[in-house]
Amino acid sequence: MRLLVVEDSANLGRDLREALTRDGYAVDLAVDGAQAQEFLTSYAYDTVVLDLMLPRVDGWSVLRWLHGREPRPRVLVLSARDQVGDRVEALHLGADDYLVKPFAYDELIARLLALARRRVASEPTLRVGALEIDPRARQARVAGNPLALTPKEYALLEALCMERGRVFARTTLFERLYDARSEASDKVIEVLVSTLRTKLAKAGVTRLVETRRGYGYVVA
């Protein structure tokens with residue numbers, strides 16, 4: 001999952017980016033609303049974690065600017081503004097959720113996962129044959145046995161299974177899994193697919209991730 005954190009506090013922004021990256025997310029950090037708009041114009045994000053009180057362009061304006069844009073990321077407002085009127089206004093402007101500062105990091109993660117699950121069936125666990133994926137625990141299992149996946153391998157598998165049947169171009173998967181600071185090329189996806197297939201095959205799952213020549217990868 002690729003996230004954009006929009007936060008003008010240098011310490012909080014850095015801490016969030018480091019913690020979310022450790023948890024396997026690809027994270028870009030914008031320090032104001034104008035920079036957020038630049039990122040959102042250049043890249044596709046699954047979710048935006050958005051402060052409201054920002055320099056140059058505030059979070060309210062970013063919410064209005066996002067209205068009607070496609071594809072539109074989910075938006076989790078993360079703000080010290082704790083009045084009911086602020087929460088209602090943000091939701092009316094298109095925010096998907098609202099978390100008041102100070103906050104617990106575990107709750108932030110839980111809310112991000114809840115937003116991600118809205119794209120799939122109400123059943124929280126994804127199932128493809130003997131493979132089970134639990135987005136809440138960020139864990140994949142085969143016949144009940146956990147798969148030892150790296151964060152990037154898990155993120156790749158989750159992305160393909162969450163939109164089963166969709167063919168993902170290599171560049172699209174790269175943008176999902178890596179942030180703008182990455183020095184890797186999109187060819188790293190070929191390596192991830194190869195190691196993922198090897199681990200799945202050892203667990204008894206073969207031919208799950210298909211290659212569509214000239215198009216990309218798909219879980220059919």
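Me: Two strands pair if DSSP finds at least two bridges between them, so in what order do the five strands of the open sheet stand?
Reply: The order is 2-1-3-4-5, and the pairing in this open sheet of five strands is parallel. The strands here are DSSP runs (E, at least two residues), as are the helices (H or I, at least four residues), and both are numbered from the N terminus.

Me: Before we go on, what sort of model is this?
Reply: This is a predicted model, in which local features need pLDDT of at least 70 and side-chain atom pairs count only at pLDDT 80 or more, whereas totals for chains, interfaces and linings use all residues. Residues are numbered from 1 along each chain as its sequence is written, and side-chain values use heavy atoms, with hydrogens and water left out.

Me: How many bridges join strand 1 to strand 2?
Reply: Strand 1 (residues 2-6) runs parallel to strand 2 and is joined to it by five bridges. Val 5 stands opposite Leu 29, while Leu 4 has Asp 28 as its bridge partner.

Me: And which strands does helix 1 touch?
Reply: Helix 1 (residues 10-22) packs on the sheet and touches strand 1, strand 2 and strand 4 (74-79), with its direction at about 170° to that of strand 2; contact here means heavy atoms within 4.5 Å. Helix 2 (residues 33-42) lies across strand 1, strand 2 and strand 3 (47-50), and runs at about 145° to strand 2.

Me: Which way do the residues of strand 1 point?
Reply: Arg 2, Leu 4 and Val 6 point one way, Leu 3 and Val 5 point the other way, and all are buried. In a regular strand the side chains alternate between the two faces of the sheet. Strand 1 is mostly covered, with five of its five residues buried, where buried means under 20% relative accessible area, exposed over 50%, and partly exposed in between (1.4 Å probe, protein chains only).

Me: What about Asp 46, is it buried or exposed?
Reply: Asp 46 is found in the loop between helix 2 and strand 3, and it counts as buried because its relative accessible area is 7%. A polar atom of the Asp 46 side chain lies 2.7 Å from the backbone nitrogen of Arg 2. For reference, a polar contact is a pair of N or O atoms within 3.5 Å; within protein, one must be able to donate a hydrogen and the other to accept it, and residues adjacent in sequence count only if both atoms are side-chain atoms.

Me: Changing topic, how do helix 7 and helix 8 cross?
Reply: Their axes come within 9 Å and cross at roughly 85°, which means that helix 7 is roughly perpendicular to helix 8. Angles under 35 degrees count as roughly parallel, over 145 as roughly antiparallel, 65 to 115 as roughly perpendicular and the rest as oblique.

Me: Which residues make that contact of helix 7 and helix 8?
Reply: Helix 7 contributes Arg 170, Leu 173, Phe 174 and Leu 177, and helix 8 contributes Val 188, Ile 189, Glu 190 and Leu 192. By class, this contact has six nonpolar, no polar and two charged residues, where Ala, Val, Leu, Ile, Met, Phe, Trp, Tyr, Cys and Pro count as nonpolar, Asp, Glu, Lys and Arg as charged, and the others, Gly among them, as polar.

Me: Where is Lys 187 found?
Reply: Lys 187 is in the loop between helix 7 (170-177) and helix 8 (188-202), and it counts as exposed because its relative accessibility is 53%. Lys 187 and Phe 174 are 13 residues apart in sequence, with their C-alpha atoms 8.4 Å apart in space.

Me: At what angle do helix 3 and helix 4 pack?
Reply: Helix 3 (residues 59-66) and helix 4 (residues 84-92) pack at about 25°, and their axes are 10 Å apart, so helix 3 is roughly parallel to helix 4. The contact is made by Trp 60, Leu 63 and Arg 64 of helix 3 with Asp 86, Glu 89 and Ala 90 of helix 4.

Definitions and conventions: Axes are lines fitted to C-alpha atoms, for helices over the stretch in contact, and angles run from 0 to 180 degrees between N-to-C directions. Two strands pair if DSSP finds at least two bridges between them.
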